[in-house]
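Open the model in your viewer and keep the selection tool at hand. The stops below go from the whole chain to single residues.

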Amino acid sequence: MDTINWSDLSFGYMKTDYNVRSYFRDGKWSEPQLETSEFLNIHMAATCLHYGQEAFEGLKAFKGKDGKIRIFRMHENALRLQSSCRGILMAELPVERFEEMVVLAVEKNKRFVPPYESGASLYIRPLLIGTSAQVGVKPAHEYLFLILVTPVGPYFKEGFKPTPMVILRQYDRAAPLGTGIYKVGGNYAASLVAGEKAHEGGYSAVLYLDAKEKKYIDECGPANFFAIKNRTYITPESTSILPSITNKSLMQLAEDMGLKVERRHIPEEELATFEEAGACGTAAVISPILRIDDPDAGKSYAFCKDGKAGPISEQLYHKLRAIQYGDEPDTHGWVTIL
Ligand code: PLP
Ligand code: COI
């Protein structure tokens, strides 16, 4: 514990003191239980293992200059988990239970919330899995909800430094009417091959095009895409991207800054007209995009020509972080202070 170098954390797993669990049996969720074991004992025919009945969430807690811990928008994560449950027929966890367990998980692992100066945070990973045995393709009738936490640094190792991304036309992440809008494990398994190819090519993430027409910008690796043009914040409208809570927050902050906000189809050619582009998400925060290559179409679109993030991305980044760390007032009621 004494040896954690808080300023040098990557986005990885580190053991903490406790995880919190609740079990759904006989139509009811059990009271939250604190656990020290990092392991689960589940049936080998559990539906999460065979048929991907699994959904997760990702949110963060931050330590402020005042020493207080702030959890960002957990209510939104609770609602999105419920949406994922409806998407793959799992028992829905009540919002209040989700929130209570997030607070408990953070409180019991307080000593792992990185100090303010480090710029790091405590990543909170709620997970809901089907646990009862089922060989036919049917939903489970028993579930486990658990929350683990781990201190993290930036998801993209460059942090706020712009990085290149790539369009790989041979791969889709999710179908237009599939599960892309839910935070379910299958979407991430489906993105692994393309993700590895991108990394091998020196790119930080894949920028997906819509799976049907291959014309419009869709999801951006484990994050949403946004762009800036003529003082307008533009982000894709799509039935296959995850509704990002960070993106929703940035849209609000952009509006507060007097920008116009557009959520609409973004044809690939429009990339050539953007002044700034970025990926946003809990893990990614804002990751400015340096360049987008589309090798199969022989195209490339450059942003941040001086290698630095654009001014609006920078302003949005600082504003968001200031609210999360408590440096600026939380005027939208996004933060839960412990
Ligand atoms: N898109 C995908 C595929 C993600 O995995 C994430 C991460 O949660 C996001 C977008 C960003 O969502 P949020 O801002 O709610 O973390
Ligand atoms: C997040 O941003 O919380 C994510 O879940 C992204 C990734 C680590 C899956």
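**Whole chain**

Colour by secondary structure: the protein chain has seven helices and 18 strands (DSSP runs numbered from the N terminus, helices being H or I of at least four residues and strands E of at least two). This is a predicted model, in which local features need pLDDT of at least 70, side-chain atom pairs count only at pLDDT 80 or more, and totals for chains, interfaces and linings use all residues. Residues are numbered from 1 along each chain as its sequence is written, while chains are lettered from A and ligands numbered from 1 in the order in which they are written.

Of the 338 residues in the protein chain, 46% are buried (20 or more other C-beta atoms within 10 Å of the residue's own; exposed means 12 or fewer, partly exposed in between; C-beta atoms are placed from the backbone).

**Core**

Select Ile124 and Leu207, which have the most contacts inside the largest nonpolar core, a set of 93 residues (buried Ala, Val, Leu, Ile, Met, Phe, Trp, Tyr and Cys joined through C-beta atoms within 7 Å). Strand 8, residues 143-152, gives the most to this core, with eight residues.

**Loop**

Go to Glu158, in the loop between strand 8 and strand 9 (163-166). Glu158 counts as exposed because it has 12 C-beta neighbours inside 10 Å. Draw a distance to Ser118: the C-alpha atoms of Glu158 and Ser118 are separated by 15 Å, at 40 residues apart along the chain.

**Ligand 1**

Finally, select helix 6 (residues 245-256), which supplies the largest share of the shell around ligand 1, three residues.
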